[in-house]
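The following exercises concern a two-chain model. Please examine the sequence and the structure before reading the solutions.

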Amino acid sequence: MALPAYASAGQRIWHYGFRILCGLIFFYLIAPILVIIPLSFNAQNFFTFTPEMLALDPAGYSLRHYRDFFTNIDWQLPLWNSLKIAPMATLIAVTLGTLAAVGLSQSHVPFRRAIMAVLISPMIVPLIISAAGMYFFYSRIGLQGTYWGVVLAHAALGIPFVIITVTATLVGFDRSLTRAAASLGAGPLRTFWRVQLPLILPGVIAGGLFAFVTSFDEVVVVMFMGAAGQKTLPWQMFTGLREQISPTILAAATVLVAVSVVLLAVLELLRRRNERLRGLAPS
Amino acid sequence: MADATLTGPIPPAPGGAAARPPEAGPMLAADGTPLRLSLQRSLRRQKLRALLLIAPLLLFVLVTFVFPIGDMLMRSVDNRIVPETLPRTVEALAADPSPVPGEPVFEALLLDLAIAEERKVHTRLGTRLNYEWAGASSLFRAAGREVGRFDHYADQMRALDPRMGDGAAWAAWMGTPDAPGPLRGLARSPAAYDEWAALTAAAGRDPLDRAPADWVLTALALDLRGPLPPEAASALAPFDPAALERAPIRDIFLEQDRKWGEPGIWNAIRLYSGPFTPGYYLAALDRQLSPEGGIVLRPATERIHVFLFVRTLVMSLVITGFCILLGYPVAYLLASLPARTANLLMILVLLPFWTSLLVRTSAWKVLLQQQGVINDILVWAGIVADNARLVMINNQAGTIIAMTHILLPFMILPLYSVMKGIPPSYVRAARSLGANDWTAFWRVYFPQSVPGIGAGSILVFILAIGYYITPELVGGTSGVFISNRIAYHISTSLNWGLAAALGALLLVFVLILYWTYDRLVGIDNVKLGG
């Protein structure tokens with residue numbers, strides 16, 4: 001979209017105007033996330049920039065909110081709960097989801113559309129409805145307020161993402177590879193472990209990351225399903241935001257932004273690896 | 001993919017049909033079975049294997065997700081509490097059409113209420129009926145508290161005959177349904193006695209050792225009005241029912257609360273006496289049943305849900321509109337830049353997408369507050385006076401600004417993937433045929449990008465109408481959605497039937513959109529920024 005040398009004045013104005021407009025939209029997208037990072041180093045208990053901070057005075061900055069985040073039991077307990085719940089929910093979602101995605105990508109699956117619709121539904125149904133339904137049902141079978149209740153609920157919510165990413169990867173999977181493995185004497189299990197899984201691994205990991213983030217970010221379902229003992233980080237942030245407790249929330253938010261930057265980097269690496277493999281494999 | 005069906009024990013047939021000798025019968029597989037059968041069997045096996053791979057997950061989602069939601073939706077029509085708590089009253093009312101029923105209904109109510117009080121369910125019943133007739137809750141609570149003192153007959157009976165307070169004598173009179181005693185044939189008392197015996201046994205006591213409750217005696221007293229069957233009369237002798245001084249139960253109720261003598265509560269019980277009710281759905285649409293059974297609007301002060309539904313839809317549409325307005329230029333820019341630059345700029349879209357919802361909501365809370373960053377900047381720049389700081393949070397503006405930001409990536413990603421597939425040569429062709437920039441864009445490029453707008457809009461809209469967290473935190477009272485109302489009914493007002501009905505309506509709406517999305521885009525084509 002480079003501007004040709006013969007562009008008229010109007011075209012020039014439009015060209016740069018459009019880029020400025022896009023720049024503003026990018027600013028809108030990214031600025032709110034970036035602005036909390038300096039604010040989290042605030043030495044005061046304020047949610048805004050103090051004059052000392054604007055003057056770049058070192059006295060205006062401190063790590064006190066981080067100290068609070070990493071030592072206060074009110075934040076540490078939720079953090080550990082999140083770190084205990086999310087991996088288990090991810091494990092369940094990825095195991096079952098990958099199996100099902102492999103099944104769904106076969107060429108003849110009866111009721112494929114309907115099955116797909118059911119499996120994707122946890123992503124579409126409003127969270128409050130999922131939360132209410134699970135709350136009533138799980139309390140009836142005694143799982144409400146337990147670790148496993150929250151894990152099962154979060155696994156169900158993460159499954160659509162695993163299904164979507166893994167089936168998308170399987171579309172580009174070359175079926176003759178499994179046939180080649182079979183013709184060389186490998187059983188279906190061995191073929192899956194040694195041939196298919198390594199090739200679809202980027203999709204599986206991406207799906208796992210989605211499932212992890214879904215559980216790690218989720219707040220509505222856990223507020224209904226969990227007891228105080230299962231309080232997670234987003235839950236604590238939610239209560240904090242409601243009651244305006246302290247800028248420690250901003251420290252927590254900054255830590256989470258760092259986590260998402262890492263996740264994004266991992267995904268980008270996976271995408272590149274995938275592109276490279278696809279580029280090599282004849283399709 | 002057609003050759004995928006040839007897995008299994010079939011060797012490759014070189015040349016296929018062409019190599020087959022013309023005189024042979026049906027084509028055979030290597031093991032001698034006809035090829036058609038062999039292929040069918042292989043196809044069936046393949047289908048089965050696919051289903052076996054899917055089954056664990058499907059089962060998991062059905063059990064942990066679909067079934068619980070279906071179960072909750074059942075609550076939206078469930079009215080069993082009324083017929084199960086007031087079985088006798090409901091039956092007696094059916095035979096009594098007058099606005100305020102007569103003595104038989106009050107007699108039935110006394111027994112039902114006494115049993116309900118014993119089981120501690122009368123307050124729940126009152127709560128249920130209170131949704132339909134304000135005042136029912138306090139009426140039932142008070143009546144339940146005093147129902148023990150309603151008893152006009154129990155003391156008289158015990159005074160006349162000591163056996164009336166003896167569990168063993170009652171057991172002999174009543175027997176069991178399988179081995180009936182002499183009083184089994186009476187109308188009310190056997191059922192009342194059984195109920196009491198079951199409750200006593202459940203409390204860990206032996207009904208033979210305990211004196212039956214007052215209401216069991218009352219039931220018997222009511223049964224003893226007419227002529228008795230001979231075996232009952234001889235079993236009770238020498239007790240003489242004629243010696244009881246009688247009084248209408250209705251008067252006792254009216255003395256306790258005059259509301260029992262007004263049609264209101266009786267209408268409510270009559271209208272909501274079935275095991276299922278449309279009441280919650282009507283309430284979810286701000287309507288109710290009139291005494292005549294028609295559907296009428298609720299009083300103006302109680303109407304809120306239709307308003308909230310409309311607000312949710314309108315605000316979701318506004319948010320979707322903003323997402324199109326902001327997402328389209330960005331997606332267009334990304335699709336037209338060289339891949340390297342586009343990938344770099346894509347990070348600016350993907351980082352918000354991957355950042356926790358709570359982080360983004362807290363960011364907006366910090367930015368939009370009256371003492372927040374944006375207001376500070378405006379005041380510093382002199383655009384706004386310090387005492388006239390903008391109110392951008394805890395109202396609709398806050399919800400729209402924050403939700404547009406949160407949902408924007410869901411618009412950009414599908415738009416981008418559609419725009420990537422539009423060949424640039426079309427626009428160049430249009431230009432070479434004499435179209436100016438705008439015509440080339442509007443007549444050639446834009447129509448091809450419409451599927452992306454459709455996909456993104458439905459996705460954003462579906463996600464928006466179910467939002468809960470962001471409106472709750474930045475929406476104040478004027479920016480909340482129907483989801484927030486559902487949460488309120490689940491955790492605060494505890495009107496779960498109404499919450500389920502509201503949820504069902506919202507769910508139907510979402511599912512229609514989901515179906516449309518599946519039709520237009522296909523759910524397996526959802527792009528998640530990969």
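## Exercise 1: The two chains

Chain B contains 24 helices and two strands, where helices (H or I, at least four residues) and strands (E, at least two) are DSSP runs numbered from the N terminus. The model is predicted: local features need pLDDT of at least 70, side-chain atom pairs count only at pLDDT 80 or more, and totals for chains, interfaces and linings use all residues. Residues are numbered from 1 along each chain as its sequence is written, while chains are lettered from A and ligands numbered from 1 in the order in which they are written.

Task: describe the overall form of chain B, then that of chain A.

Solution.

Step 1. For chain B the radius of gyration is 36 Å, whereas a compact globule of 530 residues would have one near 24 Å. This radius is taken over C-alpha atoms, and the globule rule is 2.2 Å times the number of residues to the power 0.38. The C-alpha trace of chain B spans about 115 × 95 × 40 Å along its principal axes.

Step 2. Chain A has 12 helices and zero strands. Its radius of gyration is 24 Å, well over the 19 Å given by the globule rule for 283 residues, so chain A is more spread out than a compact globule. Along the principal axes, the C-alpha atoms of chain A fill a box of roughly 75 × 75 × 30 Å.

Step 3. A residue is buried if 20 or more other C-beta atoms lie within 10 Å of its own, exposed if 12 or fewer, and partly exposed in between, with C-beta atoms placed from the backbone. Buried residues make up 39% of the 530 residues of chain B and 44% of the 283 residues in chain A.

## Exercise 2: The contact between the chains

Task: state how many residues each chain gives to the contact, and how α4(A) lies against α1(B).

Solution.

Step 1. Chain B gives 79 residues and chain A gives 81 residues; two residues are in contact if their C-beta atoms, placed from the backbone, lie within 7 Å. On the side of chain B that touches chain A, helix α1 (residues 35-74) of chain B gives the most, with 20 residues.

Step 2. By class, that side of chain B has 55 nonpolar, 16 polar and eight charged residues. Ala, Val, Leu, Ile, Met, Phe, Trp, Tyr, Cys and Pro count as nonpolar, Asp, Glu, Lys and Arg as charged, and the others, Gly among them, as polar.

Step 3. The axes of helix α4 (residues 73-104) of chain A and α1(B) come within 7 Å and cross at roughly 140°. Axes are lines fitted to C-alpha atoms, for helices over the stretch in contact, and angles run from 0 to 180 degrees between N-to-C directions. The pair is therefore oblique, since angles under 35 degrees count as roughly parallel, over 145 as roughly antiparallel, 65 to 115 as roughly perpendicular and the rest as oblique.

Step 4. Residues of α4(A) that meet α1(B) include Leu96(A), Gly97(A) and Leu99(A), and among their partners in α1(B) are Ala50(B), Leu51(B) and Phe60(B). This contact has 12 nonpolar, two polar and no charged residues.

## Exercise 3: Local surroundings in chain B

Task: is Arg80(B) buried or exposed, and which helices pack against the buried residues of α3(B)?

Solution.

Step 1. Arg80(B), found in the loop between α1 and α2 of chain B, is exposed because 12 other C-beta atoms lie within 10 Å.

Step 2. In helix α3 (residues 87-94) of chain B, the buried residues are Arg88(B), Thr89(B), Val90(B), Ala92(B) and Leu93(B). The buried residues of α3(B) pack against α2 (81-85), α4 (103-119) and α13 (263-271) of chain B.
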